Every structure is written in C-alpha cells, then in structure tokens.
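I opened this notebook to record what I looked up in one structure. The entries follow the order of my reading.

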Amino acid sequence: APILISGVNCVEMKHNIIDGEWIYPNSIHNYKTHSKYILYIHGGAFCLNKIGIYREFLYKVAKETNTVIFSINYRRSPEHKYPTPLNDCIDGYLYLLKKVKISDKIILMGDSAGGNLAINLLAHLIKNNISSPSKCVLISPWVDLTDYGKNPSWKANEKYDFVRQELAKYFSFEYIDQTNTNLYDVSPLYLENEILSKFPSILIE
C-alpha cells in the first residue's frame, strides 16, 4: 500500500502555513528525490472537503503512476474568500518547486473547484514568468462560476447533477468578496487567449 506522511509538511510560506500531505507508493524509497510529482488540489466548491477524503483515490493514482503526490489543504470560503485559496495553492506550488527544483518534474492536478484553482494557478505562473508544471490533469473543472442556471444542461441533467444550480450560485458568491471581485475574475473560461496559449498540455476528464 502507498505510504502516507501526514502533518510533516506544514511549512511557513509567504501568506500562511501550508497544510499538505505527501502520498507515494512503497516502491519509492525517497520521496524527496523522485523523478515525477503531482501537486493535487482538491474540489468541494471552494467551501467543502479536506484532503483526507481524497486519500484512497490519491493512493491509487500514486501507485498506478509511480508518482509522489503532494496534496494541498488550502483554506476555504466563506471564512477565506478569493484570493486566499488561490494564494495557498500558489505557495504550495512554490514550496514543491523549491523541493523538486525542476518544474518539468511536476504535474498539476485538480478536480471541480480544485480544477478552477489549478487553471488560475497556471495563469498566475505565466503572468509572473514562473516556470510552470510540465502537464495538467483536470477532473470536471469548474471553469465558469457565472453559469448557475443559464446553460440548458442545468435543466436537462437536473436529476443527475451532483450540485443543483441554486447551490452552485450560493457557492460561487460565497467564494468571492463582491465589493472587490466579480465571478468573471475567477472563471478560467474567460482568461485571455494570450495566457491560454502558453499553458502546458492539459488532459480534461
């Protein structure tokens, strides 16, 4: 079974103390000197979940891909609104990059709201000329926080959707401080083409 090291990587960063977990298979004897890493950003509509509920899934990913995973426990809304969760992810990436030293060894991965944070993290790195991960994997990324009912699929798929449109709207507005930010600012769907064209290869499931 993969090894979990919990609580040893609470490191002081620029904005706060980053809480994260390392997960890797037994075949990797030294997680500090491996050739491939995943920075995982969990979902939960920016408000819910902690990295602990993803352990079983991340165990499987680590084992199947022979990868060392660093999973971030970023601060969540409504107590910590944008850009705090994104800043935590930026700090987590910079921490991992400092450990690994070469960005090509890093794959960025996120689901749902974590996919949103992953894309906005990439945009931040590009805008600030910081070396980006070699690849990115997104699982149902939440790319448009402005869409909480306007798309016909909300009605067509209502009985199947995990989150109802009323909840999507609620979580969207809980994530931002409406006096300083609007939903377009945090929706990767509306990023400039100049930024998008510099993204690494992305797999979207």
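**Entry 1: the largest pocket**

I sorted the lining of the largest pocket by residue class and found 12 nonpolar, eight polar and four charged residues. I counted Ala, Val, Leu, Ile, Met, Phe, Trp, Tyr, Cys and Pro as nonpolar, Asp, Glu, Lys and Arg as charged, and the others, Gly among them, as polar. The model is predicted: local features need pLDDT of at least 70 and side-chain atom pairs 80 or more, while totals for chains, interfaces and linings use all residues. Residues are numbered from 1 along each chain as its sequence is written, and side-chain values use heavy atoms, without hydrogens and water.

Of the 24 lining residues, I noted Ser112, Ser140, Trp142, Phe162 and Val163 as nearest the centre of the pocket. Helix 4 (153-156) and helix 5 (165-175) are the elements that each give two or more residues to this lining. Helix 5 gives the most, with three.

**Entry 2: helix 3**

I found 13 of the 15 residues of helix 3 buried, so the rest of the structure largely encloses this helix. Buried means under 20% relative accessible area (1.4 Å probe, protein chains only). Just after helix 3, asparagine 129 has a positive phi of about 55 degrees.

**Entry 3: serine 187**

I located serine 187 in the loop between helix 5 and helix 6 (193-196). Serine 187 is buried, at 3% relative accessible area. The side chain of serine 187 reaches the backbone nitrogen of leucine 145 at 2.9 Å.

Conventions
1 Å grid on protein atoms, 1.4 Å probe; cavity = no way out; pocket = protein on both sides within 12 Å on 5 of 7 lines; lining within 4 Å. Helix = DSSP H or I, 4+ residues; strand = E, 2+ residues; numbered from the N terminus. Buried < 20%, exposed > 50% of the residue type's maximum accessible area, 1.4 Å probe, protein only. Polar contact = N/O pair within 3.5 Å; in protein donor to acceptor, adjacent residues only side chain to side chain.
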